[in-house]
Amino acid sequence: MNQDTRFPATLMPDKDWWQALWPDPEAVLAGIGVESGMDAVDLCCGDGHFTRALCRLTYPGLAWAIDLDAGLLSQASEGCRDALNFRPILGDARELPDRITSPVDLIFIANTFHGVPDKAGLAATVHRVLKPGGRFAIVNWHRRPREETVVLAKPRGPDTELRMRPEEVREIVEPAGFIQESVADVGPYHYAAVFRTA
């Protein structure tokens, strides 16, 4: 896979510190309103750290995981092998309307939105796949200097200049047809900005 096709600074981190940072992904997802019976998408799912929890919470609804890295999607698939509602998709997030043809209740993206080159375009793409009243949940690093976001004794996360304030995310996402529903801290260094289709 050509690394240039990926969003900047959004490669999957090492499992040790990722697990330390996100010890309870199910609580994060439940906190943004994921519940049983929803059809939901883990956009840019990586190794499936959040996908496994998404499958558990949405069942019997469907849980799609999309990533353009075949190796990471394989890890996500292995972790979700017992989930009857799991649907893996190898592909680009920008191809979402071509890959999921029935509207869904929620699209979740964690730790990736900051690196998307065309954020407004991605928001518009997401809007096309959501049901009326569907939600787009973005988990992002707070705009804090990288040297202050320490996990397992080392600075972690994207470069400081890539990080976004919640209001910057709102200014990009709302014009695509969304209304911001909530912003809340999740974990020590992140926030979840949740938007509903207008």
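Residues are numbered from 1 along each chain as its sequence is written. Local features in this predicted model need pLDDT of at least 70, side-chain atom pairs count only at pLDDT 80 or more, and totals for chains, interfaces and linings use all residues, while side-chain values use heavy atoms, with hydrogens and water left out.

**View 1. Arg94 pairs with Asp92 in a salt bridge.** Here a salt bridge is a side-chain nitrogen of Lys or Arg within 4 Å of a carboxyl oxygen of Asp or Glu. The closest N and O atoms of Arg94 and Asp92 are 2.8 Å apart. Asp92 is buried at 14% relative accessibility, whereas Arg94 is partly exposed at 41%. (Buried means under 20% relative accessible area, exposed over 50%, and partly exposed in between, with a 1.4 Å probe and protein chains only.)

**View 2. Arg165 meets Glu168 through their side chains.** This salt bridge spans 3.9 Å from N to O. Arg165 has 41% relative accessibility and is partly exposed; Glu168, at 29%, is partly exposed too.

**View 3. A salt bridge joins Arg170 and Glu174.** Look for the closest N and O atoms, which lie 3.8 Å apart. Arg170 counts as partly exposed, with 30% relative accessibility, and Glu174 counts as partly exposed at 26%.

**View 4. Arg135, Glu181 and Arg196 form a network.** Salt bridges link these three residues. Side chains of opposite charge can pair when their charged atoms come close. To set the views in context, a search of the whole structure finds 10 salt bridges.
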